[in-house]
Amino acid sequence: MIQSPRAVIDIGSNAIRLVVYGGPPRAPMPIYNEKARISLGDSVSKAGIITDEILDQALAALVRFKSLTEAMKVGQLRIVATEATRRAKNGGDFLLRAAKAGVPIDLISGEEEARASALGVICDMPWATGYVADQGGGSLELAKVVAGEPREPISMPFGTIPLTNDGNCHSKQLARDIEEQLEEESSFKIEKGLPLHLVGGAWRTLAQLHMQVTDYPLTILSNYSMPANAGEVLAEVVADKAKMEQTGVVSGARLPFMPAALATMEALTRIFSPSEVIVSVYGLREGLLFDDLSAEAKSEDPLIAAARHEGARLSRFAYHGDGIANWIAPLFQDDSDQLRRLRDAVCLLADSAWNSHPEFRAEHAAELALEGNWPGVTAADRAIMAAGLYAAYGGRKPRPPLLSLLAPVEQLDRATLWGLAVRLAQRLDGGTGMGLEGVTLKRETKGLSLEYAPSFRHLESSTVNRRLKHLNEAFAAATGRSE
């Protein structure tokens with residue numbers, strides 16, 4: 001059954017944004033994203049109200065976005081407003097006028113906003129631990145994540161707009177101000193040495209700058225990890241507006257707020273002494289969607305949900321990605337849980353690049369793993385998946401050099417074995433999956449073999465045996481056995 005798109009309209013301090021999501025419920029995939037740069041936060045910061053001009057602009061954007069969701073046949077729509085609307089003296093009038101225009105808005109509290117942002121990180125990385133910080137134009141939200149649940153959500157008035165307007169862009173003073181607010185919340189306990197997850201556009205831009213400064217080889221922001229002292233590396237470029245402009249990653253609208261974003265990041269690292277700083281591309285919107293899922297759906301692995309969805313969508317014949325995963329699993333029983341899920345994802349995507357030109361299928365399959373919109377993975381995970389799919393599509397050695405810059409060679413070699421096993425499975429029955437139930441792939445002391453049930457013996461061929469030979473040779477090389 002085709003899932004109806006879901007959408008969130010997020011009325012923030014710096015902009016109003018519509019994001020429409022397709023894909024499976026557990027792994028929402030943005031299929032349409034539009035932003036109206038309407039600064040409610042600046043208006044409220046200067047006048048205490050949403051001015052008539054800004055209010056009219058906001059209503060026009062909301063009516064447009066609502067009409068787009070109707071044309072896109074969106075089945076579930078959330079429209080939420082955050083800090084600027086909460087703080088505006090005429091916020092109630094804005095909500096009333098929007099409702100009369102057919103756009104009912106849910107004004108969420110600061111604590112609800114902090115919780116939703118933390119749920120967004122959990123939606124992407126179910127095993128995430130530590131603290132989630134979400135800085136927008138008007139406020140800073142914090143929450144602790146423990147065992148897949150957000151705890152101690154708190155909202156504070158340290159958004160990029162007030163910090164920039166007040167000139168409070170000094171990390172030491174800002175750290176003291178934040179700590180004072182946290183001390184007023186008796187339930188919020190600071191535990192040092194845990195990961196710090198950053199949510200928000202300004203911090204994603206800082207991560208892009210960090211990638212440039214450090215010559216990071218992959219420009220995928222999802223779960224990009226920086227050391228706790230990353231601010232020291234970024235300070236010079238953020239202090240120089242011309243340098244930031246030259247990078248091409250900082251928009252003109254965001255440029256004035258970058259010092260405040262950097263100061264806040266440095267203040268939080270002073271307070272929490274995190275083991276690492278992880279940038280999330282998920283946040284409030286994804287958290288709202290995640291919160292509406294059933295307990296069963298929430299328990300799914302988002303990577304597996306996304307890979308199964310894409311694999312089925314791109315498959316040539318009756319989809320059998322799960323069948324391939326089960327068929328090769330006995331060869332790799334010593335894989336860790338993390339490697340197992342990556343191996344399963346490779347199997348689920350085993351028929352994803354067939355429509356590319358034969359000369360480039362291996363490269364395109366690897367690119368899909370590296371650059372696809374996959375939740376629940378790091379850059380190293382992407383490289384491992386890419387190595388598996390590259391081998392599955394007959395990629396010639398050496399592997400793309402980028403992969404060894406992102407993941408340990410021994411794990412890439414392991415993934416190559418997965419890929420060769422997948423390649424054998426696809427040749428066995430022409431990629432239809434019908435032979436997997438009658439042919440067993442065995443790993444014995446003397447090597448790997450195929451055991452055919454009588455009614456499946458006709459599937460044996462010289463090309464099948466050749467691929468089995470290649471897999472045997474790769475296993476022998478990996479285990480140090482001599483032929």
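The following dialogue explains how to read several features of this predicted model.

Reader: Which conventions apply to the model?

Author: This is a predicted model, in which local features need pLDDT of at least 70 and side-chain atom pairs count only at pLDDT 80 or more, while totals for chains, interfaces and linings use all residues. Residues are numbered from 1 along each chain as its sequence is written, and side-chain values use heavy atoms, with hydrogens and water left out.

Reader: How are strands of a sheet paired?

Author: Strands of a sheet pair through backbone hydrogen bonds, either parallel or antiparallel. Helices (H or I, at least four residues) and strands (E, at least two) are DSSP runs, numbered from the N terminus; two strands pair if DSSP finds at least two bridges between them. Here, an open sheet of five strands has the order β3-β2-β1-β4-β5, with mixed pairing. Its edge strands, β3 (29–36) and β5 (106–107), each pair on one side only.

Reader: In what sense do β1 and β4 pair, and over how many bridges?

Author: β1 (residues 6–11) and β4 (residues 76–81) pair in the parallel sense over six bridges. Ile9 has Ile79 of β4 as its bridge partner, and Arg6 stands opposite Gln76 in β4. The pairing of β4 with β5 is also in the parallel sense, over two bridges, and Ala81 has Leu107 of β5 as its bridge partner.

Reader: Which strands pair with β9?

Author: Strand β6 (residues 130–135) runs parallel to β9 and is joined to it by four bridges; Ala133 is partnered by Leu198 in β9. Strand β11 (residues 277–279) pairs with β9 in the parallel sense over three bridges, and the partner of Leu196 in β11 is Val277.

Reader: Which way do the residues of β9 point, and are they buried or exposed?

Author: Buried means under 20% relative accessible area, exposed over 50%, and partly exposed in between (1.4 Å probe, protein chains only). In β9 (residues 196–199), Leu196 and Leu198 point one way, His197 and Val199 point the other way, and all are buried.

Reader: Where are Thr69 and Thr445, and is each buried or exposed?

Author: Thr69 lies in helix α2 (residues 52–71) and counts as buried, at 3% relative accessibility. Contact means heavy atoms within 4.5 Å; leaving aside neighbours within four places in sequence, Thr69 is in contact with Ala7, Leu18, Val74 and Leu77. Thr445, in the loop between β12 (439–444) and β13 (447–452), is exposed, with a relative accessible area of 77%. Thr445 and Leu284 are 161 residues apart in sequence and 53 Å apart in space, C-alpha to C-alpha.

Reader: How is the span of a helix to be read?

Author: The expected span is 1.5 Å times one less than the number of residues. Helix α18 (residues 379–392), with 14 residues, reaches 20 Å from its first C-alpha to its last, close to the 20 Å expected. Just after α18, Gly394 takes a positive phi of about 75°.

Reader: Why are α18 and α12 described as largely enclosed?

Author: In α18, 13 of the 14 residues are buried, so this helix is largely enclosed by the rest of the structure. Helix α12 (residues 284–291) is also largely enclosed, because seven of its eight residues are buried. The buried residues of α12 include Leu284 and Phe290, and they pack against β1, β2 (16–22), β4, α5 (110–124) and α13 (295–298).

Reader: How do α9 and α11 cross α8?

Author: Axes are lines fitted to C-alpha atoms, for helices over the stretch in contact, and angles run from 0 to 180 degrees between N-to-C directions. The axes of α8 (residues 201–213) and α9 (residues 230–238) come within 10 Å and cross at roughly 90°. That makes α8 roughly perpendicular to α9 (65 to 115 degrees). Among the residues that meet are Leu206 and His210 in α8 and Val233 and Val237 in α9. With α11 (residues 258–272), the axis of α8 comes within 9 Å, crossing at roughly 85°. The two helices α8 and α11 are thus roughly perpendicular.

Reader: Which residues have the most contacts inside the largest nonpolar core?

Author: A nonpolar core is a set of buried Ala, Val, Leu, Ile, Met, Phe, Trp, Tyr and Cys residues joined through side-chain atoms within 4.5 Å. The largest has 66 residues, and those with the most contacts inside it are Trp327, Met385, Leu450 and Leu471. A second, separate core of 44 residues includes Val238, Ala261, Ala267 and Leu268.

Definitions and conventions:
Parallel < 35°, antiparallel > 145°, perpendicular 65-115°, else oblique.
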